[in-house]
Amino acid sequence: MRILRLAEEARAFSRSARAGGETVALVPTMGYLHEGHLSLVRLARQRASRVLATIFVNPLQFGPQEDLSRYPRDFERDRDLLEREGVDALFAPEVAEMYPSGACTRVLVDGPLTEGLCGARRPGHFAGVATVVAKLFALSEPDVAVFGQKDAQQAAVIRRMTRDLNLPVEIVVAPIVREADGLAMSSRNVYLSPDERSQAVVLRRALISAETTVGAGERRTPVLLEIVRREIASAPLARLDYAEIVDAETLVPAERVSSPSLLALAAYFGSTRLIDNTLLQPDGEV
């Protein structure tokens with residue numbers, strides 16, 4: 001596996017592969033990899049003949065109250081994991097390589113896609129996400145880029161940005177990978193105390209309760225959200241940030257689950273904020 005540090009190296013890798021008739025899949029990450037990230041790599045391998053992974057802790061998507069320096073990092077471990085998965089190249093630039101001195105350009109995706117859910121709590125976050133992903137697309141010129149469903153709002157923002165800017169990249173979204181007890185895998189899980197970790201599974205239980213209720217015929221958003229809130233309140237260490245049901249494509253709040261809808265939630269356990277979601281698929285109106 002080649003280690004690339006410079007933008008020119010990432011571009012040269014992709015162009016060389018495509019000149020040889022191969023396709024390139026991009027897997028952007030911020031490192032501290034877990035099985036969820038590796039599932040993206042495996043899906044990328046199925047979709048293209050060459051896989052380019054990235055590790056870059058993007059400062060633009062951290063707010064003033066979020067500690068960028070606290071984000072977990074272990075480059076040597078990450079490199080070994082990616083190499084075992086058969087990744088062809090790893091692009092791991094320094095901040096100055098991605099954002100040269102004087103850089104003042106941002107990519108903004110307006111409207112419900114970025115105003116609600118996590119966007120309401122993390123101003124500027126999705127501008128940081130869109131900017132870094134647009135830059136990675138420009139540098140690596142991939143045919144395919146793979147993201148995870150756990151970050152459902154991020155995936156929706158990137159799909160919209162890609163369409164709006166006519167970028168020739170296919171966006172693939174991989175299913176959430178969970179621990180044996182149902183907790184969604186996340187780099188932030190390492191911050192949980194043993195008690196917080198044991199109670200964090202309430203997030204998945206809340207999603208399952210809503211799924212079951214929709215399966216029984218309930219479509220009213222207020223009823224479903226009340227079920228979610230009650231379930232999460234049963235965990236003393238959980239502090240709900242939000243629980244919302246929105247259109248799966250536009251992220252506009254939905255009064256009823258009458259089309260594919262995203263149930264998204266975020267909750268704090270101590271100082272650690274976790275997110276999770278599920279897609280509610282109605283069989284029809286009640």
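This is a predicted model: local features need pLDDT of at least 70, side-chain atom pairs count only at pLDDT 80 or more; totals for chains, interfaces and linings use all residues.
1. With a relative accessible area of 0%, Leu224 falls under the 20% cut-off and so is buried. Setting aside neighbours within four places in sequence, Leu224 is in contact with Ala210, Thr213, Val214, Glu218, Arg219, Ile245, Val257 and Leu280. Take Val257 from that list: Leu224 and Val257 are 33 residues apart in sequence, yet their C-alpha atoms are 9.5 Å apart in space.

2. Now helix 11 as a whole. What span should we expect from its 13 residues (221-233)? At 1.5 Å a residue the answer is 18 Å, and the end C-alpha atoms are 18 Å apart, which agrees. Thr221, Leu224, Leu225, Ile227, Val228 and Ile232 are the buried residues of helix 11. Seen down the axis, these buried residues of helix 11 fall within an arc of 150°, so they line one face of the helix.

3. What do the buried residues of helix 11 pack against? Their partners are helix 10 (202-215), strand 7 (238-247), strand 8 (261-269) and strand 9 (272-280). On the face turned away from the buried side, helix 11 carries the exposed residues Pro222, Arg230 and Ala233.

4. Helix 1 can be read in the same way. Helix 1 has 13 residues and reaches 18 Å from first C-alpha to last, close to the 18 Å expected at 1.5 Å a residue. Its buried residues are Ala7, Ala10, Phe13, Ser14 and Ala17. These cover an arc of only 135° around the axis, which puts them on the same side of helix 1. Glu8, Ser16 and Ala19 are exposed, on the face of helix 1 turned away from the buried side.

5. The cover over the buried residues of helix 1 includes strand 1 (2-4), strand 2 (24-29), strand 3 (50-55), strand 4 (89-91), helix 4 (95-98) and helix 7.

6. Two packed helices are described by the angle between their axes and the distance between the axes. Here the axes of helix 1 (residues 7-19) and helix 7 (residues 125-140) come within 7 Å and cross at roughly 55°. Helix 1 and helix 7 are therefore oblique to each other. The contact is made by Ala7, Ala10, Arg11 and Ser14 on the helix 1 side, and by Ala138, Leu139 and Ser140 on the helix 7 side. By class, that contact of helix 1 with helix 7 comes out as four nonpolar, two polar and one charged residues. Back on helix 1, Ala7, Ala10 and Ser14 are also among its buried residues.

7. Strand 6 (residues 170-174) holds Ala174. Buried or exposed? At 3% relative accessibility, Ala174 counts as buried. Ala174 is in contact with Leu40, Leu43, Val146, Phe147, Gly148 and Gln149, leaving aside neighbours within four places in sequence. Thr212 is another matter: Ala174 and Thr212 are 38 residues apart in sequence and 23 Å apart in space, C-alpha to C-alpha.

8. Ser186 is in the loop between strand 6 and helix 9 (194-199). A relative accessible area of 15% is under the 20% cut-off, so Ser186 is buried. Not counting residues up to four places away in sequence, Ser186 touches His34 and Lys150.

9. Finally, two backbone angles to check by eye. Most residues other than glycine have a negative phi, and most peptide bonds are trans. Leu117 is not a glycine, yet has a positive phi of about 50°. The place of Leu117 is the loop between helix 5 (112-115) and helix 6 (118-121), and at 3% relative accessibility Leu117 counts as buried.

10. The other one is Leu251, which is not a glycine either and has a positive phi of about 65°. Where does Leu251 lie? It is in the loop between strand 7 and strand 8. Leu251 counts as buried too, at 4% relative accessibility.

Terms used
Residues are numbered from 1 along each chain as its sequence is written. Side-chain values use heavy atoms; hydrogens and water are left out. Axes are lines fitted to C-alpha atoms, for helices over the stretch in contact, and angles run from 0 to 180 degrees between N-to-C directions. Helices (H or I, at least four residues) and strands (E, at least two) are DSSP runs, numbered from the N terminus. Angles under 35 degrees count as roughly parallel, over 145 as roughly antiparallel, 65 to 115 as roughly perpendicular and the rest as oblique. Contact means heavy atoms within 4.5 Å. Ala, Val, Leu, Ile, Met, Phe, Trp, Tyr, Cys and Pro count as nonpolar, Asp, Glu, Lys and Arg as charged, and the others, Gly among them, as polar. The expected span of a helix is 1.5 Å times one less than its number of residues. Buried means under 20% relative accessible area, exposed over 50%, partly exposed in between (1.4 Å probe, protein chains only). The arc is that of the directions from the helix axis to the C-beta atoms.
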